[in-house]
Amino acid sequence: MTTTEELAKFVQDVTIDGFSADTREELKMRVLDSAGIGIDALGHEPVDIVHRTVQRANPGTDCTLWGHG
């Protein structure tokens, strides 16, 4: 099993009840931090490069990138 498959399985199997209250609070902060970083990155060259690369490599697919539809 690849690392990606292992991560996907974990995400599918995990429940909120499996985490302590402290861990849930930390998780909320990490998700909000990641969202903020993603929003701040919009319009910067690396994000645009990733978007163009994905479009070229997978034309017509449903892959999306924040701020790019």
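Q: What should be kept in mind about the numbering and the model?
A: Residues are numbered from 1 along each chain as its sequence is written, and side-chain values use heavy atoms, with hydrogens and water left out. Because the model is predicted, local features need pLDDT of at least 70 and side-chain atom pairs count only at pLDDT 80 or more, whereas totals for chains, interfaces and linings use all residues.

Q: Why is F10 called partly exposed?
A: Buried means under 20% relative accessible area, exposed means over 50%, and partly exposed lies in between (1.4 Å probe, protein chains only). F10 has 46% relative accessibility, so F10 counts as partly exposed. The place of F10 is in helix 1, which covers residues 3-13.

Q: Where is F19, and which residues does F19 contact beyond its neighbours within four places in sequence?
A: F19 is found in the loop between helix 1 and helix 2, and, leaving aside neighbours within four places in sequence, F19 is in contact with F10, V14 and R24, where contact means heavy atoms within 4.5 Å. At 25% relative accessibility F19 counts as partly exposed.

Q: Why is H51 called buried?
A: The relative accessible area of H51 is 17%, and therefore H51 is buried. H51 is placed in helix 3 (residues 45-57) and touches L65 and H68, when residues up to four places away in sequence are not counted. Across the protein, buried residues make up 3% of the 69 residues.

Q: How do you know that D13 and K9 meet in a salt bridge?
A: A salt bridge is a side-chain nitrogen of Lys or Arg within 4 Å of a carboxyl oxygen of Asp or Glu. For the side chains of D13 and K9 the N to O distance is 2.6 Å, and they meet in a salt bridge. D13 and K9 both lie in helix 1, four residues apart, which is about one turn of the helix. D13 is partly exposed at 48% relative accessible area, and K9 is partly exposed at 42%.

Q: Why can residues three or four places apart in an α-helix point the same way?
A: An α-helix has 3.6 residues a turn, so residues three or four places apart point the same way.

Q: What makes E25 with K28, and R30 with E26, salt bridges?
A: The closest N and O atoms of E25 and K28 are 3.0 Å apart, and those of R30 and E26 are 2.8 Å apart, so each pair falls within 4 Å. E25 and K28 are three residues apart in helix 2 (residues 21-41), and are therefore separated by about one helical turn. R30 and E26 are four residues apart in helix 2, again about one helical turn. A search of the whole structure finds three salt bridges.

Q: What is the pattern of the protein along the sequence, and why is the protein called more spread out than a compact globule?
A: The protein follows the pattern α-α-α, with three helices and zero strands, where helices (H or I, at least four residues) and strands (E, at least two) are DSSP runs numbered from the N terminus. Its radius of gyration is 16 Å, well over the 11 Å that the globule rule gives for 69 residues, so the protein is more spread out than a compact globule. The radius is taken over C-alpha atoms, and the rule is 2.2 Å times the number of residues to the power 0.38.
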